[in-house]
Amino acid sequence: MTAMLIDNAAGIFTGLPGAAMRTAGQIRIRDGVIVEIGALEPQPGEQRLDAQGGVIYPGLVSTHHHLFQSVLKGVRSGIDLPLAGWLRAVPYRFWSKFDEEALAVAARIGLAELLLSGTTTVADHHYLFSDAFGFDPAQVIFEVARSLGIRLVFCRGGGTTARHVDTDRFAAMPVETLDRMLQSVEACAQRFHDASPSGLSRVALAPTTPTWSLDPGELREVIAAARRMGVRLHSHLSETSDYVDFCLSVHGKRPVHWLADHGWLGEDVWFAHLVHLDDDEVRILASTGTGMAHCPQSNCRLGSGVAPADAMARLGGAVSLGVDGAASNEAADMLCEMHSAWHTHRAVKGAGAVTAEDVVHWATAGGARVLGMPHVGTLAPGQQADIAIFKLDDVRHFGMHDPLIAPVTCGGSAKLRYLLVGGRIVVADGAIPGLDLQKLKSDAARVVTRLAA
């Protein structure tokens, strides 16, 4: 039996609602599970982790990412474009140039960035699957995740139809038959899906968009297949007004109402972005338990707008945070995402719109709810010991009256004393054991040079 005691913290955010959100004391861990929180005395044989006056959060949960984009940051041709133009200038332009090394390097960059910001669980929406590839993207990304010790939900994307791209300067986005897509997802789930509380790998079925990536007649078959396989369903929705305009013109309904007609709502479904919703759509999503992966930095960067995450949360809806791809969010870490969420809603809707505690809840318990992982996202006896211990040693943290909110409100990146996944130390003193950052930097430079050639 392995035993560990975390002590000397300035405070603990548990991720639990209401007054239970804040607590103090020590955290005892046995065999990767939290067994006690409170005023605890050390026991013989326990490993002691000294928080040294830092603050403790549940491991953060990012519910929407595109890891392959971690080598597509700051592409000049797309830096000032909205979503449609950016898609053409960046992911649609570069996707066919990816090889196994480029994908592995990108995944390592993205996952390292998340780990160093306190993230213990990430959902990666990967939609590039082509016969031209001589490798399995799922295997590549899972292998990198395993080497770093992070929990990964692999959202197997793609589509049976391609969105029109008004250029012939690069390869068309790959498509596949529905049977092939579903067979591939099922094979992926059989290899990697582990729904046990301590499992580090899960699989979701994730067509890129329901509006443009599938034939409407395939929607019911897709959701039925996901439920038969026992995996969750994920996709993009209502990221820009184009989604709404398309559904109204083609289907005569707004996107959420249209998907409700096809059974694409429920506690096992979550959508990225959901920026352009009306009040009734927010109510429907909240009442059905359909999840939101709120991506404020990417939505701001692309000029897409601000999602009604606050309104959905007030109705009891399932709201989480996702960093989205680094090609549309060059700071793809959860601390920056939380800071942006706190600022953005208050700037647009007033100082009382969103609190720091709201944002922490979205980034922890909210993410666990959206991903269907109830054993992470909160700190309580019986939960997996996914724990972030943030140092408050930077000058930006000096003078804080409420140190618990410093990682959200102070901006920048609060450094980690420790990050634990299931009680295993995956970051110590701001470094990932075994990861050579200088080598990763040179690998990234080499890949970027090749992609840009």
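## Residue classes and model

Ala, Val, Leu, Ile, Met, Phe, Trp, Tyr, Cys and Pro count here as nonpolar, Asp, Glu, Lys and Arg as charged, and the others, Gly among them, as polar. The structure is a predicted model.

## The largest pocket

The volume of the largest pocket is about 430 Å³. Its lining is made up of 25 residues, and those closest to the centre are P17, A313, D358, H361 and W362. By class, the lining of the largest pocket holds 13 nonpolar, seven polar and five charged residues.

Three elements, α11 (309-314), β15 (318-321) and α13 (356-371), each contribute at least two residues to this lining. Helix α13 gives the largest share, with eight residues.

## The second largest pocket

For the second largest pocket the volume is about 300 Å³. There are 18 lining residues, and F129, D136, R156, R180 and S184 lie nearest the centre of this pocket. Two or more residues of the lining come from each of α4 (137-148), β10 (151-156) and α5.

Helix α5 provides the largest share of the lining of the second largest pocket, five residues. Sorted by class, the lining of this pocket has ten nonpolar, two polar and six charged residues.

## Helix α6

Helix α6 spans residues 219-229, and its buried residues are L219, V222, I223, A225, A226 and M229. These residues lie on the same side of α6, because they cover an arc of only 155° around the axis.

Several elements cover the buried residues of α6, including the helices α5 (178-192) and α8 (255-261). The strands β11 (201-205), β12 (232-237) and β13 (269-273) are also among the elements that cover them. After α6 comes G230, which has a positive phi, near 75°.

## S340

S340 belongs to helix α12, which runs over residues 334-349. Is S340 buried or exposed? The relative accessible area of S340 is 14%, and buried means under 20%, so S340 counts as buried.

Which residues is S340 in contact with, leaving aside its neighbours within four places in sequence? They are P296 and Q297.

Conventions: Residues are numbered from 1 along each chain as its sequence is written. This is a predicted model: local features need pLDDT of at least 70, side-chain atom pairs count only at pLDDT 80 or more; totals for chains, interfaces and linings use all residues. Side-chain values use heavy atoms; hydrogens and water are left out. Helices (H or I, at least four residues) and strands (E, at least two) are DSSP runs, numbered from the N terminus. Buried means under 20% relative accessible area, exposed over 50%, partly exposed in between (1.4 Å probe, protein chains only). Contact means heavy atoms within 4.5 Å. The arc is that of the directions from the helix axis to the C-beta atoms. On a 1 Å grid over the protein atoms alone, a cavity is a set of points where a 1.4 Å probe fits but cannot get out, and a pocket is an open set with protein on both sides within 12 Å along at least five of seven lines; lining residues have an atom within 4 Å of a point. Grid points are joined across faces, edges and corners, and a volume is the space filled by probe spheres set on the points.
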